[in-house]
Amino acid sequence: MPVSKDHAKSERKKSIACHRCHSHKVKCSGGQPCSRCRRAGCGDECQYALRDRKLKVQESYIDELLSQNSQLKERLRALSTPQSSPASVAEGSVPRESYPPVQNPLLGDRAWFYPYDPSAPPIYMGDAACTAFATRLRQFLTGNPNTAHVARTQYTPESSLLQGEAEWPGLAQSRLLVRIAFNQLSRVYHLFLRKSTLEQLESVYRTPSLRDDPSITCKLFALFALGEVYSSRAGSSPTCRVPGTKYYVRAMSLIPILPERPGVIHVESLLLLSLYSYFLNRRHSAYILIGNAMRLGLILGLNHNIPERQCPDPVERQHRIRLWWAIYIFDRMYTSKIGFPLQIRDEDIHVDMPTDVVSPAAEEQFSDTAYLVASIRLSRIIGQTIDKIYCRKQHAESFLQREQQLLLALQEWLRSLPEHIKLRPDEKAPPKHIVSLHLQFNQSSDDLPQPVITLSEACIHAARHSHTLMIEEWVNGSLPMYGYFYAQYLFSSCIALVISGLLPSIGNPADLESLETATEILHRMSDHGNLAATEFYENLKRVKQALPTNAESIIDDHGSCSLSQKQSLGSVAAAAGDRVIDPHTIGTLPAMGYTTEMAFLEPTMQDFLGRPENEMDFIHPYDLLIDDSATIAAWPATLWTS
């Protein structure tokens, strides 16, 4: 019997959707399994659903979905246009009418300034800073949006840096200090040529007139400062003066006037001094110094490949390349910690990645190339996170699409790590530089939207693993007593675990115990003169003080939160995940049962990562927002690299 064209067209438009596509209300490609199910690895489930359920989706239903999707997009576009003037908005509040749906929904629309000193201008607070995040948490716990931020007063002030400079140490002492600095630094960063620097040191002591060269003196005294602080043994400091400070002061006195025609030695010195500044908890000074190093690097053209005819020595060419990437790593690392903008875009970098130099002499100059490349690739993801998540500019993709892209990049970074850089279960005491890399990596209920649950669970996993790694370092006696970054990793992971302890539906109340452990370790580090640990210790004490009266009101008799509180804390946990899953930390500690890939292998994470970008449009961006009624006006998102 002939079939009419209209009837045939109607039959073609009818489709059979698998159970998975039907439940997500998305168009199914058909087939057994469909294309979406093949990507998600659930082919058998798709065939089972098609065979036994025979879920037929009518054309009218598909048209209705498409219409709703179109209406939602129009609504989001309309919301991106401010509907109220700034004057009509209360200070610190975030009106939903003017909230751009394409930016981070946890990021306030106004910068945060804090008045440290009534006689001085207020200081800008980066939204990604972990101490800022701790303040927002205390505001939530106390129910008071005016809870004061803990002022950063635990740093070496300028007046203390004027109390005298160090003289040249004896040759034997200088050799020890430089070798200690090499041992601690060269496996993690490339900041100098090892053999050439040792030869430089010997030359200075053989020919004292070379000490008149300020560039050589500056570099060596910066190394002396780092060598002394790294070699300091545990013991309370009666003067609270960080070891190596006098050497640092001498080196800093030689750079007030930057060279008009710089050399690579000037860049080396600025990198070393910026790193030591963190031991003094002078984060702003470190940021300025790395900015100067970057600009000198641009003058030297380190962000470009130099022709072989103009630099025939392969060791020198490779040194230039690696020195540039050291600047890049520091820039991404520093900005992620304090929430400032990146100082250079990836598009402006045209230099090759580090490679091995086939030469016996090169082995004495360079460290592991694979490790350095992994660190650069991780730093690139940090920079993308700062740009995509913690920037107030408009984006073409939705917030969750950008989150998905970054998680996929991190997953690929993890998969591509060479075996000797991974944390292995059979290693009881993995090398410190491997632990450091993985610590930096960790530092990225049905009532909650599933994406929030997924990101929160990843955050909690990473925080637990970081916390475990830090405890192992402390127990083994290998945690740097004056180190800034280890203290920051411990503090950051602890804040995430406090939130986990308040969210039993996706966390665990036992995670609150990490607060006691972290507080104790930071207290010990503070007693020995670690200025950053003193700051973080004070912040944790304030968080702890906020818990006793608020924990009972947040967690009800059944051990669960109210809906609005779950949404608020859940969104905060997801944001903390962005910070805690930073570039150098998912590994394997068999004692706790954590593995490197665990966070990415969870079914909810696999589902989130496997979703096509167009499906993200079905997730309303305001599902991630914290309600103003939850007493917090604008929670800052916190960075993967904070």
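Colleague: In which loop does Pro509 lie, and how far apart are the C-alpha atoms of Pro509 and Leu497?

Modeller: This is a predicted model, in which local features need pLDDT of at least 70, side-chain atom pairs count only at pLDDT 80 or more, and totals for chains, interfaces and linings use all residues. Residues are numbered from 1 along each chain as its sequence is written, and side-chain values use heavy atoms, with hydrogens and water left out. Pro509 sits in the loop between α19 (484-501) and α20 (513-527), where helices are DSSP runs of H or I with at least four residues, numbered from the N terminus. Leu497 is twelve residues away from Pro509 along the chain, and their C-alpha atoms are separated by 9.0 Å.

Colleague: Is Pro509 buried, partly exposed or exposed?

Modeller: Buried means under 20% relative accessible area, exposed over 50%, and partly exposed in between, with a 1.4 Å probe and protein chains only. Pro509 has 45% relative accessibility, so Pro509 counts as partly exposed.

Colleague: Are α6 and α19 roughly parallel or roughly antiparallel?

Modeller: The axes are lines fitted to C-alpha atoms over the stretch in contact, and angles run from 0 to 180 degrees between N-to-C directions. For α6 and α19 the angle is about 25°, with the axes 10 Å apart. Angles under 35 degrees count as roughly parallel, over 145 as roughly antiparallel, 65 to 115 as roughly perpendicular and the rest as oblique. The two helices α6 and α19 are therefore roughly parallel.

Colleague: How many nonpolar residues does the contact of α6 with α19 have?

Modeller: Contact means heavy atoms within 4.5 Å. On the α6 side are Cys130, Thr131, Phe133, Ala134 and Leu137, which meet Gln488, Phe491, Ile495, Val498 and Ile499 of α19. Ala, Val, Leu, Ile, Met, Phe, Trp, Tyr, Cys and Pro count as nonpolar, Asp, Glu, Lys and Arg as charged, and the others, Gly among them, as polar. By class, this contact of α6 with α19 has no charged residues, two polar ones and, for nonpolar, eight.

Colleague: At what angle do α15 and α17 pack, and which residues of α17 make the contact?

Modeller: Helix α15 (residues 369-389) and helix α17 (residues 432-442) have axes 11 Å apart, at an angle of about 15°. From α15 the contact takes Tyr371, Ser375, Leu378 and Ile382, and from α17 it takes His433, Ile434, Leu437, Gln440 and Phe441.

Colleague: How many of the eleven residues of α17 are buried?

Modeller: Among the buried residues of α17 are Val435, His438 and Asn442. Helix α17 is largely enclosed by the rest of the structure, because the number of its eleven residues that are buried is ten.

Colleague: Which residue forms a salt bridge with Glu158?

Modeller: A salt bridge is a side-chain nitrogen of Lys or Arg within 4 Å of a carboxyl oxygen of Asp or Glu. The partner is in the loop between α11 (264-279) and α12 (283-300), while Glu158 is in the loop between α6 (130-142) and α7 (171-185), so the pair ties together parts 124 residues apart in sequence. The closest N and O atoms are 2.9 Å apart, and the partner is Arg282.
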